[in-house]
Amino acid sequence: AKELGRNCFHFFTSSMQQASVERMRIAADLHTAIEEDQFELFYQPIVDMASGRIHKAEGLIRWHHPTRGMVSPVEFIGIAEDKGLIVDIGDRVFIKATDQVQRWRQLLPDFQISINKSPIQLKTNRTNHVDWIDHLRALGLPGDAIVVEITEGVLLDAQNRVTTRLEQLRNAGVQIAIDDFGTGYSSLAYINKFDINFVKIDQSFTRGLKPGASDLALCEAIIVMSHKLGMKVIAEGVETQLQHDLLAEAGCDYGQGYFYSKPLAVDDFDRLLEANRRS
Ligand code: C2E
Ligand code: CA
Ligand code: CA
Ligand code: CA
C-alpha cells in the first residue's frame, strides 16, 4: 500500500508539472502569436428568429499555431488573461471585427458584430492599448456596428474604472450584451441598472428545453422580463428544431447555435450571407 501511495503521489505531481509546463509553453508561444498575428476570427450567425434573417454575428477567436494546428480559445484565453496578454489579443480581435463589419455593412447596412471582452480588458490600467472609440471614428463606423459581450460577473464586482469604461463605450454608441446569462448570480433587475442591450441565455438552459420542462419556464420568464426592461434576448446553443420552435414561440428575439450554423471562416460566412439574402 505504501508503494502504491508513493506511486500515486509521484504520478500526481508529474502530471501537475506537465500541466504547468504546458501552460508555460502556451504562454511563450502566445507572445510569438501576437507578434506574428496568428489569430483569426470565426463568425457564428445570430439569427432573427421571426424572419430567419442574419444581420448579426459573434466573432470567436481561433489561433493557428504553427505546430499544434488550430487551438481553441478554451485552451488559451485563461492563460492569456493570467499573463496579461489578453489586452493585446483583445485589441487585435476588435480591429479584425471592425474591418469585417465595415465590409458586411456594404451589403447589409445594419450589420453588427459582437466580440467577447474579458474582465481583465475592462480592468486594465495600461494606457498603451488601442483606443476603440478613436478607431471606430477613424473607420467612419457608428458605435452600434459593434456589440461587446461581457459576463454578469463584470457588473457584480464593477469598480469605477470598469463602469466608466463601459459608459464611454455606451456613449459612443457601442452596444452591450450579457453573455452566458443565468450562470452567475446576478438578476435582471441588477443588470437593468446598467444600460444593457442584449441578454444571452446560456446554452445550459437551451439544452434542457422540452415542453413542460422547468428550463422552458425559466427561458420564458427571462424573455418576458428582459423585454419589459427594454432588452433583446439571444438564445445560445440552439441545436435542434424543437429548441428553436419553443424559443421562437416564447418570443425570443435571436438564436445562435449549431442548428443554424457553427462558427465559420469569413469566406464560408460570405456564402451563408449570400444564400440568406436570396432566400
Ligand atoms: P462564448 O462566448 O459563450 O461562445 C460560445 C461558444 O459556444 C463558442 O465556443 C461556440 O463555438 C460554441 N457554440 C456555438 N453554438 C453552439 C451549439 O449549438 N452547441 C454547443 N455545444 N456549442 C456551441 P468557442 O468558439 O470555442 O469559444 C469558447 C469561449 O471562448 C467563448 O464562449 C468565449 O468565452 C471565449 N472566447 C472566444 N473568442 C474570444 C475572444 O475573442 N476574446 C475573449 N476574451 N474570449 C473569447
Ligand atoms: Ca460570447
Ligand atoms: Ca456565451
Ligand atoms: Ca461561455
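In which strand is Val-199 found? Val-199 is in strand 7, residues 198-201. Strands (E, at least two residues) and helices (H or I, at least four) are DSSP runs, numbered from the N terminus. This is a predicted model, in which local features need pLDDT of at least 70, side-chain atom pairs count only at pLDDT 80 or more, and totals for chains, interfaces and linings use all residues. Residues are numbered from 1 along each chain as its sequence is written, and side-chain values use heavy atoms, with hydrogens and water left out.

Stay with Val-199. Its relative accessibility is 0%, so Val-199 counts as buried. Buried means under 20% relative accessible area, exposed over 50%, and partly exposed in between (1.4 Å probe, protein chains only). Beyond its neighbours within four places in sequence, Val-199 contacts Ile-178, Phe-181, Leu-188, Ile-222, Ser-226, Met-231, Lys-232, Val-233 and Ile-234. Contact means heavy atoms within 4.5 Å.

Now turn to the nonpolar cores. A nonpolar core is a set of buried Ala, Val, Leu, Ile, Met, Phe, Trp, Tyr and Cys residues joined through side-chain atoms within 4.5 Å. The largest has 74 residues. Those with the most contacts inside it are Leu-30, Phe-39, Ile-89, Phe-111, Ile-146, Ile-150 and Phe-269. Helix 3 gives the largest share of this core, eight residues. Ile-89 touches Leu-30, Ile-34, Phe-39, Ile-61 and Ala-80, not counting residues up to four places away in sequence. A second, separate core has six residues, among them Val-147, Ala-177, Phe-198 and Tyr-254.

Next, a helix pair. The axes of helix 3 (residues 86-107) and helix 5 (residues 132-139) come within 11 Å and cross at roughly 25°. Axes are lines fitted to C-alpha atoms, for helices over the stretch in contact, and angles run from 0 to 180 degrees between N-to-C directions. Helix 3 is therefore roughly parallel to helix 5. Angles under 35 degrees count as roughly parallel, over 145 as roughly antiparallel, 65 to 115 as roughly perpendicular, and the rest as oblique. Helix 3 contributes Gly-90, Asp-91, Phe-94, Ile-95, Thr-98, Asp-99 and Gln-102 to the contact. Helix 5 contributes Trp-132, His-135, Leu-136 and Leu-139.

Two backbone details remain. Asp-37 is not a glycine, yet has a positive phi of about 50°. Asp-37 sits in the loop between helix 1 (2-36) and strand 1 (39-48). Asp-180, in strand 6 (residues 175-181), has a positive phi near 55° and is also a residue other than glycine. At 27% relative accessibility, Asp-180 counts as partly exposed.

Key. Chains are lettered from A and ligands numbered from 1 in the order in which they are written.
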